[in-house]
Amino acid sequence: RQDAAFFSPFFERTSRDQAIRSSIVSALKEADEPSDLRALRDRVWRKLKEDGFQLYDRRDPSPMSSEVAKDRLLALLIAEFCSGNMARISLEAFGLVSVGYQGEERITARLKEAHPSHADLLPDVVRFLIDLIRRSRAINNFGGVIDLTDSSVWGEALASDRISWAKTDASGTRQRSLIPKGNSNRALWLLTEQLKIPKQEAADLLSDFWEQAIRTRNRTLTAHSSSGHVLDLAALQFTSGETEPLYRCSTCGAKSHIHLAGKCGAYRCSGEVSEVEQAERTAANEQNHYVYRYKGHPMSGIAREHTAAIGVRERTEIEERFRRGEVNLLSCTTTMEMGIDLGDLEAVFCRNVPPGISNYQQRAGRAGRRAQVAPIALMMARNNRYDQSQFNDVKSYLEAVPSPPYLALDNPS
């Protein structure tokens, strides 16, 4: 029952996220100029609505209204680019999207005046530092539109409105310092260990970056109630990354659009980067699962749990919505084996090997009862002794004869 309850929201969240990522890639590829967050949201929304996309609060069986759904989509887009989760399989890691910032060119120009000996490095260093703040989820609430404490968007670890950065002397557990007092941090380590800038000079460069980034005119960092600063989401600019160079570290494998004089930007990695060949990026369109999905047209599905733990009234309503096509997938226990008519069922996926052939026939036989074309029944063998033994002799499993039902007439009860 726990597996069935877990799989339902997992499937819905995964299919939703992949549909959104695919729409982001498609929308930016068609755009003639960089998109800010609202423009990106509107373009992605139009793409999703072509497929009848809906967003739900799982506590409410009705879909969100368009305005509420667009605000939720905006939060999901921000989480996609500002949480740092799943960095290895993100749109940026595959070079499909590039994120820039209003004001970064002005910041770079001022730093070149103060640090001319590092002029060639500074565009990448500025981008790296702003990226560092963005991916730590130190952001504003976009004029009150998004809820930074909503764990359904950010996850438990990042659901907080207190995450921020300070130049030095961070206060509280959710605030970070750009210039550490004692030991090194990622920014200082990159400058001193990877780029070989003397420590004091590196600290001065970070200080000058901070002073420029918090200037109102540059619109990059904005004051936060914690006495620190956060990234102003209005500064974000999104473009397709498919025509930009993509670099990969030969040591840790991390990928980025930032060159950094050929050095890897991952913390404590001393590797060097080289450009990913265009032929490899093209091949990934078919050979890499995630790139194939992001550049394809995956659909978002609505999934619901169907177990004995669900009340009869709610379960009946879920079944009816499934019949009407408002729910695409039911994650079931043995509650679905007998006695329930779901109409035109297209596919059944058994997430383990049923304990006997009669159980398999009851479950798999639900697909195609109304003579649909090519119904699908798929069974997965898990990595346990029973499933693997049946998998290794699946012909015998499928040819087994189910026990006939019988009634014991001599049963005194």
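## Charge and overall form

The protein carries 55 positive and 54 negative side chains, and the centres of these two sets are 2 Å apart. Here Lys and Arg count as positive and Asp and Glu as negative, with His and the chain ends not counted; each charge is placed at NZ of Lys, CZ of Arg, CG of Asp or CD of Glu. This is a predicted model, where local features need pLDDT of at least 70, side-chain atom pairs count only at pLDDT 80 or more, and totals for chains, interfaces and linings use all residues. Residues are numbered from 1 along each chain as its sequence is written, and side-chain values use heavy atoms, leaving out hydrogens and water.

The C-alpha trace spans about 95 × 45 × 45 Å along its principal axes. There are 14 helices and 13 strands, taken as DSSP runs (H or I of at least four residues for helices, E of at least two for strands) and numbered from the N terminus.

## Burial and contacts

Of the 413 residues, 45% count as buried, meaning under 20% relative accessible area with a 1.4 Å probe, protein chains only. Among contacts (heavy atoms within 4.5 Å) with a separation of 6 or more, 65% come from residues 24 or more positions apart.

## A look at Ser8

Let's zoom in on one residue. Ser8 sits in helix H1, which covers residues 2-30, and is buried with a relative accessible area of 0%. The Ser8 side chain reaches the backbone nitrogen of Glu305 at 3.3 Å.

Methods: Buried < 20%, exposed > 50% of the residue type's maximum accessible area, 1.4 Å probe, protein only. Polar contact = N/O pair within 3.5 Å; in protein donor to acceptor, adjacent residues only side chain to side chain.
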